[in-house]
Amino acid sequence: MCTRNRSLAALLGVVAAWAQAPQPASSVKIDFPNDSPVALVSADWGESRTEARGGALLLDLHTSLSLRNVTQARIRGITLLVQAQEVTPGGKASVTAPSLDVGPGETFPIRIDLRLLRPMFGSGALAEIGLDGVLFEDLSFYGPNRLNSRRAMTVWELEARRDRRYFKSILEARGPEGLRQEALATLARLADRPQLDVQVIPRGRTTAAATRERAVDFAFLHVPDAPLEPVSGMARVIGGDARAPRIEVVNRSGRPIRYFEIAWIIKDRQGREFLAGSVPAGESGLRLAPGAKSEVAEGAALRFSSVAGQPVEIDGMTGFVSQVEFSDGAIWIPSRAALDAPRFRAVLAPSPEEQRLADLYRKKGLAALVAELKRF
Amino acid sequence: MTHPAETVLALYAGGDLGWWTRIGVERHVRQCGPCSRQVEEFRATCEMLQAEREALPPGLEWGEAAAAMKANVRLGLAAGQCVAEQPERMRHPWHAPALALPVLVVVVAGWLLQSLPPAVHTGLAPEGTGGALVLDAGPAGIGVERDGHGFRLLRPEAAESVEISVRGDSVRSRYVDGETGQVTISHVYAE
């Protein structure tokens with residue numbers, strides 16, 4: 001083949017390969033409503049790549065969206081909905097940025113790192129990124145709220161206010177050195193927390209060995225001022241698998257309750273405790289009158305393992321009330337004083353805001369932390 | 001003036017150049033005495049070789065040579081009878097498709113394997129999940145998978161202080177972005 005023909009063939013090959021490989025910008029559709037309080041300024045697809053794996057394409061999409069607040073209110077949090085129905089029917093995801101403080105006209109970044117595995121010969125947008133909600137400074141909310149992001153972002157914002165107040169009180173009472181000690185204590189808690197990997201099969205079970213399962217009862221931690229009290233609970237356990245947790249609660253407050261979550265701590269055979277997550281009440285239909293009892297039951301099966309991949313042998317379980325939403329929309333969260341009890345501090349993760357403030361101290365020092373607290 | 005190479009002139013003299021190159025060489029030869037003379041020498045040599053090739057070697061009797069060649073051809077045909085049947089079958093019209101069929105099968109199988117759902121798992125599904133939707137939170141991030149298809153929200157390299165938790169039918173990952181200092185909370189859900 002002459003040089004000219006070889007060059008032509010090479011050029012055609014490059015064009016064919018380019019046409020076959022999905023381009024990041026066309027693989028993801030970003031769609032915000034017309035009256036969205038945020039506008040997309042730019043989307044940087046910098047280090048996205050495509051890789052063939054057998055009969056499939058692996059797409060690593062790395063983007064940093066730059067969004068602008070087009071309202072006159074300050075934004076405290078945003079949740080983006082990520083869907084890939086062509087790739088995984090029934091699955092969806094979200095990315096939330098809590099603890100924001102974005103003024104009118106200001107821009108802020110949201111980073112999304114997404115990996116998709118799809119058949120080689122697909123076409124069209126593989127993933128859609130939309131808006132699920134925006135939370136403002138006055139706790140008002142905009143968005144379709146399909147993921148109940150309103151409640152979640154409100155809880156994080158209330159925790160952020162609680163923890164900023166706590167840090168400010170430390171600064172006032174013990175000075176900058178006291179604040180430094182508190183920030184160091186938070187960083188130590190973050191570093192010491194044991195990590196778990198987890199797999200969840202909704203409405204299923206992880207193994208077929210149901211006959212070897214055993215019922216493990218929950219123990220409960222008392223949270224002062226909690227409007228709800230868990231009275232009994234159990235889950236089916238085998239090795240590192242747990243399924244079908246059921247918890248009975250009674251409303252100790254004088255107001256009807258429409259939603260609550262019970263935090264779930266598991267203990268392994270070595271006596272180590274891990275905060276595994278929470279058991280939420282159903283998202284709709286609950287109206288727990290004052291003094292009334294109710295039961296929350298989860299159909300999911302969970303498998304816990306250490307970061308090294310070894311199953312965590314579940315030996316015991318503990319629960320406590322972590323949040324309550326009353327029928328009027330008011331939300332209760334545990335006070336800082338309650339969470340400072342040694343048993344909670346040993347297990348609970350700092351709130352997102354406390355994590356952010358401690359990280360700010362670590363990176364920029366005490367003066368930056370003090371300045372940040374004075375902004376609010 | 002740049003002269004064509006000697007080999008080009010030789011090909012031109014024998015009429016073996018492509019038409020486009022020939023036009024250029026022809027124009028040059030008309031204007032260049034040395035090249036024109038060299039072309040004439042090549043042509044003369046060619047004609048001489050042609051004349052010698054056509055002349056029979058001295059002492060060769062054409063009739064005897066023809067008889068010997070015929071005898072050799074017959075001997076070759078007789079010897080070929082021993083293996084004549086197999087080559088005859090090769091000429092049957094169905095033989096080419098029979099050869100092409102396995103190639104076609106391989107090509108179609110390859111195409112089908114490419115088109116089938118990929119058997120490349122992201123390592124999410126535990127044993128015995130039997131095609132169930134599986135949510136997973138691990139070192140690489142949080143993801144959802146069914147039958148080898150899935151997607152995952154990756155944990156950026158700059159992620160620090162990662163927290164993982166389960167909330168009902170969803171899993172959650174929380175981290176501080178080392179570059180922006182911003183907290184990011186990722187969720188995957190099952191509908």
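This is a predicted model: local features need pLDDT of at least 70, side-chain atom pairs count only at pLDDT 80 or more; totals for chains, interfaces and linings use all residues.
Q: Which element of chain A gives the largest share of the largest nonpolar core?
A: The largest nonpolar core has 98 residues. Val82(A), Leu114(A), Ala127(A), Val198(A), Ile265(A), Ile266(A) and Ala276(A) have the most contacts inside this core. With 7 residues, the largest share comes from residues 257–268 of chain A, that is, strand E14.

Q: Which residues of chain B are in contact with Val198(A), leaving aside its neighbours within four places in sequence?
A: Val198(A) is among the residues with the most contacts inside the largest nonpolar core. Leaving aside neighbours within four places in sequence, its contacts include Leu302(A), Arg303(A) and Phe304(A). From chain B, the contacts of Val198(A) are Ala137(B), Ile164(B), Val166(B) and Val171(B).

Q: Why do the buried residues of H1(B) line one face of the helix?
A: Helix H1 (residues 6–13) of chain B has Leu9(B), Tyr12(B) and Ala13(B) buried. An α-helix has 3.6 residues a turn, so residues three or four places apart point the same way. Seen down the axis of H1(B), the buried residues line one face because they fall within an arc of 100 degrees.

Q: Which residue just after H1(B) takes a positive phi?
A: H1 of chain B covers residues 6–13. Just after H1(B), a positive phi of about 75 degrees is taken by Gly15(B).

Q: How far apart do the C-alpha centres of domain 1 and domain 2 of chain B lie?
A: The domain assignment of chain B places domain 1 at 6–54 and domain 2 at 134–189. Between the C-alpha centres of these two domains of chain B, the distance is 78 Å.

Q: Which element of chain B has the lowest mean pLDDT?
A: Chain B averages a pLDDT of 74, and 68% of its residues score at least 70. Among the elements of chain B, strand E6 (residues 183–190) has the highest mean, 89. The lowest mean, 51, belongs to residues 85–90 of chain B, helix H5.

Terms used. Residues are numbered from 1 along each chain as its sequence is written. Chains are lettered from A and ligands numbered from 1 in the order in which they are written. Domain bounds come from an automatic or database domain assignment. pLDDT is the predictor's confidence in each residue, from 0 to 100. Helices (H or I, at least four residues) and strands (E, at least two) are DSSP runs, numbered from the N terminus. A nonpolar core is a set of buried Ala, Val, Leu, Ile, Met, Phe, Trp, Tyr and Cys residues joined through C-beta atoms within 7 Å. A residue is buried if 20 or more other C-beta atoms lie within 10 Å of its own, exposed if 12 or fewer, and partly exposed in between; C-beta atoms are placed from the backbone. Two residues are in contact if their C-beta atoms, placed from the backbone, lie within 7 Å. The arc is that of the directions from the helix axis to the C-beta atoms.
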